[in-house]
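Me: I would like to learn how to read helix contacts and aromatic pairs in a model. Please take them in turn.

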Amino acid sequence: MQTLDATFSALADPTRRAILMYLAKKDHTVMELTKPFRMSQPAISKHLKVLEEAGLIITTKRAQERLRRLQTAPLKEAVDWMEKYRLMWETRYRALDGLLVELQKMQTKRGKKK
């Protein structure tokens, strides 16, 4: 659950979600990530630190560059967790829909008897 908490906490920020979208396309350096966000390098670095602590990204070295790479395992865990609840709510909504149909039928029958 700790991993899940960290994932959702990291995803709560729109800048971090956007960073993950960029990293889904390809690995980037901090400087490359700074450009589309019009933020300072230290500000982007703070966001990257949160994402790295949540396990959503890793840092790799290529020559003298430090590239950030997306890690999808925590995202999959979050999706799997949400999917369980989606299925549960779908089942409940179907049952509610069935109940509403039955109530409508009962109401129609009462209207015909009058």
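Me: At what angle do the axes of helix H2 and helix H4 cross?

Reply: This is a predicted model, where local features need pLDDT of at least 70 and side-chain atom pairs count only at pLDDT 80 or more, while totals for chains, interfaces and linings use all residues. Residues are numbered from 1 along each chain as its sequence is written, and side-chain values use heavy atoms, with hydrogens and water left out. The axes of H2 (residues 14-25) and H4 (residues 41-53) cross at roughly 80° and come within 10 Å. H2 is therefore roughly perpendicular to H4 (65 to 115 degrees).

Me: Which residues of H2 and H4 make the contact?

Reply: With contact meaning heavy atoms within 4.5 Å, H2 contributes Thr15, Arg16, Ile19 and Leu20, and H4 contributes Ile44, His47, Leu48, Val50 and Leu51.

Me: How is a pair of aromatic rings described?

Reply: By the distance of the centres and the angle of the planes. Rings of Phe, Tyr and Trp (its six-membered ring) pair if their centres lie within 6.5 Å; planes under 30 degrees apart are stacked, over 60 edge-to-face and the rest tilted. The count here is 4 aromatic pairs. Trp81 and Tyr85 form a tilted one, 4.8 Å centre to centre with 50° between the planes. Both lie in helix H5 (residues 73-113), 4 residues apart, and so are separated by about one helical turn. Ring pairs also link Phe8, Trp81 and Tyr85 into a cluster.

Me: Which charged end sits over the ring of Trp89?

Reply: That of Arg92, 5.1 Å from the ring centre. The rule asks for NZ of Lys or CZ of Arg within 6 Å of the ring centre and within 35 degrees of the ring normal.

Conventions
Axes are lines fitted to C-alpha atoms, for helices over the stretch in contact, and angles run from 0 to 180 degrees between N-to-C directions. Helices (H or I, at least four residues) and strands (E, at least two) are DSSP runs, numbered from the N terminus. Angles under 35 degrees count as roughly parallel, over 145 as roughly antiparallel, 65 to 115 as roughly perpendicular and the rest as oblique.
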